[in-house]
Amino acid sequence: IKIFNLNSMKTNLKSTFTLIMFLVLTTMVTAQTERGSIFMGGSSSLDFTSLSGKVESGNYSKESGKISSFEFSPGAGYFIFNNLAVGLQFSLSSTSEKEDGEKYTESTTMMFPFARLYFGKRNVKPFVQAAYGPGWQKWGYDDDDKEKKKLTGFEFSGGLAFFVNRNVSLDISLGYASATAKYTDYRNVEINSTASGIGGNIGFSIFF
């Protein structure tokens, strides 16, 4: 599950607002959300982050380590009725930290069957989406056997789809997500932990 900090969306929302209004005012199309249509993308995103630091004191200097992260969330759906699509979304993410020759990695895979419902017949369509599915997480150092967790997660979101033309939409959404992890710790005790929060997304969908 991908949970965002809402403050990180402010810059993106400001930079895309003018583009959205231009598209809405100048584009006259009919959105392709009829029964039998297929769309790809949905709330998908592709993110890369790489951070490194240095500690300095007098003549002393040391690299503080490098943190890298990757997230990719593709999805596809099929319209079983006009404006109602069902589909499958994957969320693949990985974070690693390397310091003093040791590398720690945490990777997560989630699989979400979902349903998405659009409203209206205009080029700007509100929509809601619900998703629920399993996941798996692994973490540990490269030289050791990695620990594993089983995950269960769900998402509920809503937003607006701005159709650039009949086959492409710009999607802005806000929603709630939660994930529960189940694993056994070093004491052989079963643990259940839950993470949840509110997040937002900006992405594209392509319709066929």
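Trainee: What is the mean pLDDT of the chain?
Mentor: The mean is 77, and 72% of the residues reach 70 or more; pLDDT is the predictor's confidence in each residue, from 0 to 100. This is a predicted model, where local features need pLDDT of at least 70, side-chain atom pairs count only at pLDDT 80 or more, and totals for chains, interfaces and linings use all residues. Residues are numbered from 1 along each chain as its sequence is written, and side-chain values use heavy atoms, with hydrogens and water left out.

Trainee: Where is confidence lowest, and where is it highest?
Mentor: Helix H1 (residues 10–26) is lowest, at a mean of 48, while E4 is highest, at 95. Over residues 1–12 the pLDDT is below 50, and that stretch has 30 contacts in the model beyond near neighbours in sequence; a contact means heavy atoms within 4.5 Å. Residues 43–47 also stay under 50, with 23 contacts beyond four places in sequence.

Trainee: How many helices and strands does the chain have?
Mentor: There is 1 helix, and there are 10 strands. Helices (H or I, at least four residues) and strands (E, at least two) are DSSP runs, numbered from the N terminus. From that end the elements run α-β-β-β-β-β-β-β-β-β-β.

Trainee: What makes E1 and E4 a pair?
Mentor: Two strands pair if DSSP finds at least two bridges between them. Strand E4 (residues 75–81) has 3 bridges to E1, and the two run antiparallel, so they meet the cut-off of at least two. One of the bridge partners in E4 is Gly77, which goes with Phe39.

Trainee: Which way do E4 and E5 run, and how many bridges join them?
Mentor: They run antiparallel, and 6 bridges join E4 to E5 (residues 84–99). Gly77 turns up here too, opposite Gly87 in E5. E4 and E5 form a hairpin with 2 residues between them.

Trainee: Why is Asn83 called buried?
Mentor: Buried means under 20% relative accessible area, exposed over 50%, and partly exposed in between (1.4 Å probe, protein chains only). Asn83 has a relative accessible area of 17%, so it is buried.

Trainee: Why does Leu88 count as partly exposed?
Mentor: Leu88 has 32% relative accessibility, so it falls in the partly exposed class. Leu88 sits in strand E5. Beyond four places in sequence, its contacts include Pro74, Met111 and Phe114. Leu88 and Ala76 are 12 residues apart in sequence and 5.8 Å apart in space, C-alpha to C-alpha.

Trainee: And Thr105, buried or exposed?
Mentor: Buried, because its relative accessibility is 13%. Thr105 is in strand E6 (residues 102–118). Among the residues it touches, not counting those up to four places away, are Ser94, Trp139 and Lys146.

Trainee: What makes Arg166 and Glu34 a salt bridge?
Mentor: The label needs a side-chain nitrogen of Lys or Arg within 4 Å of a carboxyl oxygen of Asp or Glu. Their N to O distance is 3.9 Å, so the pair passes the 4 Å limit. This pair links distant parts of the chain, 132 residues apart: Arg166 is in the loop between E8 (147–165) and E9 (168–184), and Glu34 in the loop between H1 and E1.

Trainee: How many salt bridges are there in the whole structure?
Mentor: The search finds 2. Arg116 forms one with Asp171, the closest N and O atoms being 3.8 Å apart. Arg116 lies in E6 and Asp171 in E9, so the pair ties together parts 55 residues apart in sequence. Arg116 and Asp171 are both buried.

Trainee: Which residues make the nonpolar surface patch?
Mentor: Ile38, Met40, Tyr78, Ile206 and Phe208 make it, at about 490 Å². Patches are made of residues with over 30% relative accessible area and no salt bridge; like charges are joined within 9 Å, nonpolar side chains (Val, Leu, Ile, Met, Phe, Trp, Tyr) within 5 Å. The areas come from the Shrake-Rupley method with a 1.4 Å probe, and for residues only the protein chains shown count as cover. Ile38, for one, is partly exposed at 39%.
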